[in-house]
Amino acid sequence: MTPTTIRTQGPPKGGRAAAQKEEQTDQVSWRDRFAALGNLPAFFRLVWETSPGLFLGDALLRLVQAAIPAASLYIGKLIIDQVVSLTKAGGLTDTTLLWQLVAAEFALAILSTAIGRAISLMDGLLGDKFANATSIRLMEHAAELDLEQFEDATFYDKLERARRQTTGRTVLLTGVFGQVQQLISVGFLAAGLAVYNPWLLLLIAVAVTPSFIGDNYFNKKSYSLSRSWTPERRELDYLRYVGASDETAKEVKIFGLSGFLVDRFRTLSNEYLGKNQAIAVSRAGWGTLLTVLGTAGYYGAYVWIVRRAVTGGISLGDLTFLAGSFRQVRGSLEGILLQFSSLTQEAIYLQDLFDYFAIKPLIHSPRTPLPFPRPVREGFTFENVGFKYTNSERWALRGLSFTLKPGEKLALVGENGAGKTTLVKLLARLYDPAEGRILLDGHDIRDYSLDDLRRNIGVIFQDYIRFKMSAGTNIAVGDIDERTNQPRIENSAQRSLADTVIAKLPDGYQQQLGKSFNKGVELSGGEWQKVALGRAYMRDAQLIILDEPTAALDARAEYEVFQRFNALTEGKSSVIISHRFSTVRMANRILVLEGGRLVEIGSHEELLAQNGRYAELFALQARGYQ
Ligand SMILES: Nc1ncnc2c1ncn2[C@@H]1O[C@H](COP(=O)(O)OP(=O)(O)OP(=O)(O)O)[C@@H](O)[C@H]1O
């Protein structure tokens with residue numbers, strides 16, 4: 001596929017103009033189509049791996065099915081010739097052969113039906129298995145990719161197109177198998193026709209060409225439209241979600257957003273529908289016209305066959321055989337060409353799936369990682385670290401240098417957008433610095449295995465996930481391998497104060513959380529935070545990071561959480577991000593960030609004595625309580 005004709009960059013969100021512009025660049029040439037067929041071997045390898053038995057069974061049955069039409073037409077010819085000769089003989093000769101032929105034709109008809117059913121059963125089973133296997137691969141691959149890749153709209157377009165491939169692939173599977181079956185079938189029938197007159201084959205080719213060209217043209221248009229609308233389709237999915245989900249229902253009601261959302265959905269979906277409809281209508285019109293041309297070709301050949309029968313050139317049996325074969329070859333050829341056109345289409349869609357699998361993460365472990373220090377001896381050192389988010393001109397962090405010593409309790413302070421969360425993400429290697437480096441015991445953290453690093457760091461983000469799973473699982477996600485270790489889960493819950501929350505739930509640790517599931521219970525914001533905090537204790541990490549984990553806790557709970565946190569993480573390093581100075585002051589050292597830069601560093605007392613930015617922020621908050 002040539003990159004000039006297939007768009008790999010998603011268009012900016014929304015807008016008719018954007019979509020029209022995209023359509024022009026989304027044209028697919030014949031070269032692209034043939035090149036896309038190159039994806040088929042890889043595709044069949046995937047299908048084969050899904051289930052070799054079903055794959056083989058399906059192929060064999062189709063081979064048998066391919067021979068049936070020609071065989072049945074030929075037996076039909078023999079029957080008619082037999083009937084004619086019996087009639088001429090006055091019905092007095094032996095009819096055994098005739099009835100044997102009729103029985104054979106009957107047997108073939110039954111065989112064909114049975115095989116047909118078996119084939120569609122196998123297609124269905126194979127298709128479902130393949131869809132499941134591909135969905136799993138899709139999720140596994142997503143887990144390998146970088147956070148940065150998830151923050152890119154183009155990536156989502158690819159993901160969306162790839163996701164659609166997991167359900168529609170049965171079409172391709174049935175299509176290619178059916179295609180090969182029909183080709184073999186046509187081969188048998190065409191051989192029969194060629195025996196009588198090779199020109200009949202040429203006539204057939206002329207008869208099928210017009211509708212092939214038509215279908216191909218419209219398929220191309222449909223594909224271009226569908227591809228250029230990927231971002232809008234994602235927006236439609238999003239609107240559907242926001243408009244009808246338990247997580248959004250509250251705000252949608254309070255702000256009366258339903259009308260706004262429905263309007264946007266209606267406008268966008270109608271626009272898409274309109275474009276699709278235009279293609280469908282013109283396809284139907286042209287399709288009819290081109291089929292009429294094809295039918296004229298068929299009747300041209302029919303006239304020739306009938307004349308030959310009338311002049312005695314061929315028998316009545318030959319007449320039915322030829323007319324039947326001609327009709328079937330034409331139908332099959334038309335089917336093959338039509339399928340071919342949509343097959344290349346599907347193969348191009350397949351490219352989207354392979355494109356997605358080809359996206360490689362940039363953040364990965366080195367080939368020979370250093371053994372992870374246990375315990376950490378020197379700590380984490382930021383050396384002139386700078387980081388910019390993709391598509392952003394601004395440095396989110398710059399010139400950052402400090403050391404987080406083993407066992408130290410560090411707090412990060414700064415106004416919204418100062419770069420606190422970004423610093424944490426760099427520590428956990430969700431991103432790598434653009435400038436400078438982060439060392440762990442004197443070695444770049446990139447020299448350690450990513451798994452080891454992440455296993456040794458426990459982070460609870462401010463936007464932690466409220467999993468709609470059991471209360472126990474919601475804590476166990478801190479170390480999912482230990483999800484059956486009930487004592488450990490309960491111990492973590494006690495530490496994070498979640499035990500009292502869970503004690504009140506009807507099903508305790510088994511209680512389904514989240515209202516959208518049967519018997520699910522919803523927790524308050526603070527209760528959720530206690531559960532989420534339990535995750536930090538689940539993990540046997542050397543560094544624990546809490547990014548504003550107590551914002552929803554009441555004052556008493558917050559005080560208690562941090563008293564416990566300090567005691568329970570004795571000997572471990574921790575980083576706490578908080579806007580509450582009552583929490584921050586408990587840290588050994590405080591880092592004050594402003595506009596991505598480190599402006600002050602020291603203990604609470606030292607920073608107050610400096611009378612700088614920290615003292616100013618502290619005084620501001622203290623005044624609020626007076
Ligand atoms: N995924 C992202 N893509 C682009 N820019 C981002 C992204 N996340 C954060 N930023 C930008 O980087 C800067 C630092 O953000 P960060 O989340 O680190 O701030 P913060 O100090 O944690 O803020 P808050 O107190 O509001 O949580 C902000 O200007 C923000 O807009």
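Visitor: Which residue stands opposite leucine 439 in β5?
Guide: Start with the general idea. Strands of a sheet pair through backbone hydrogen bonds, either parallel or antiparallel. Now the case here, in a predicted model. Leucine 439 stands opposite aspartate 444 in β5. Strand β4, residues 435-440, pairs with β5 in the antiparallel sense. Two bridges join β4 and β5.

Visitor: In what order do the strands of that open sheet come?
Guide: Read across the sheet, strand by strand. The order is β2-β1-β4-β5. That is four strands, with antiparallel pairing.

Visitor: Which strands stand at the edges, each with a single partner strand?
Guide: They are β2 (395-404) and β5 (443-444). Each has a single partner strand, so one side of each is left without a neighbour in the sheet.

Visitor: What is the strand order in the open sheet with mixed pairing?
Guide: Six strands make up this one, in the order β6-β7-β8-β3-β9-β10. At its edges are β6 (457-460) and β10, which pair on one side only. Neighbouring strands in this sheet are turned by 15 degrees against each other on average, with direction ignored.

Visitor: Do β3 and β9 pair in the parallel or the antiparallel sense?
Guide: Parallel. Strand β3 covers residues 409-413, strand β9 covers residues 589-594, and four bridges link them. Look at leucine 410: it stands opposite arginine 589 in β9.

Visitor: And in which sense do β9 and β10 pair?
Guide: Antiparallel, over five bridges. Strand β10 covers residues 597-602. Find two pairs here. Leucine 593 stands opposite leucine 598 in β10. Valine 592 has glutamate 600 in β10 as its bridge partner.

Visitor: How many residues lie between β9 and β10 in their hairpin?
Guide: Two. Find glycine 595 in the turn, where phi is positive, at about 55 degrees.

Visitor: Next, helices. At what angle do α4 and α5 pack?
Guide: Compare the directions of the two axes. Helix α4 (residues 52-88) and helix α5 (residues 96-144) pack at about 160 degrees, with axes 8 Å apart. Angles over 145 degrees count as roughly antiparallel. Therefore α4 and α5 are roughly antiparallel to each other. Their crossing is left-handed. The residues of this contact divide into 24 nonpolar, seven polar and four charged.

Visitor: At what angle do the axes of α9 and α11 cross?
Guide: At roughly 150 degrees. Helix α9 is residues 230-243, helix α11 is residues 258-310, and their axes come within 10 Å. That makes α9 roughly antiparallel to α11. The crossing of α9 and α11 is left-handed.

Visitor: Where does UniProt place the feature "transmembrane region"?
Guide: The unreviewed entry places it at residues 97-119. In the model, that span is 100% helix and 0% strand. Its end C-alpha atoms lie 32 Å apart.

Visitor: Which residues does the annotation "domain: ABC transporter" cover?
Guide: Residues 380-620, according to the unreviewed UniProt entry. This span is 35% helix and 24% strand. Its end C-alpha atoms lie 32 Å apart.

Visitor: Last, the ligand. Which helix gives the most to the shell around it?
Guide: Helix α13, residues 420-427, with three residues. The residues around the ligand include Glu151, Tyr389, Lys420, Thr421 and Thr422. By type, the shell divides into three nonpolar, seven polar and two charged residues.

Terms used: Residues are numbered from 1 along each chain as its sequence is written. This is a predicted model: local features need pLDDT of at least 70, side-chain atom pairs count only at pLDDT 80 or more; totals for chains, interfaces and linings use all residues. UniProt positions are given in the numbering used here, feature names are shortened, and annotations may be inferred rather than shown by experiment. A residue is near a molecule or strand if its C-beta atom, placed from the backbone, lies within 6 Å of it. Ala, Val, Leu, Ile, Met, Phe, Trp, Tyr, Cys and Pro count as nonpolar, Asp, Glu, Lys and Arg as charged, and the others, Gly among them, as polar. Two strands pair if DSSP finds at least two bridges between them. Axes are lines fitted to C-alpha atoms, for helices over the stretch in contact, and angles run from 0 to 180 degrees between N-to-C directions. Angles under 35 degrees count as roughly parallel, over 145 as roughly antiparallel, 65 to 115 as roughly perpendicular and the rest as oblique. A crossing is left-handed if the near helix is turned anticlockwise from the far one by less than a right angle, and right-handed if clockwise.
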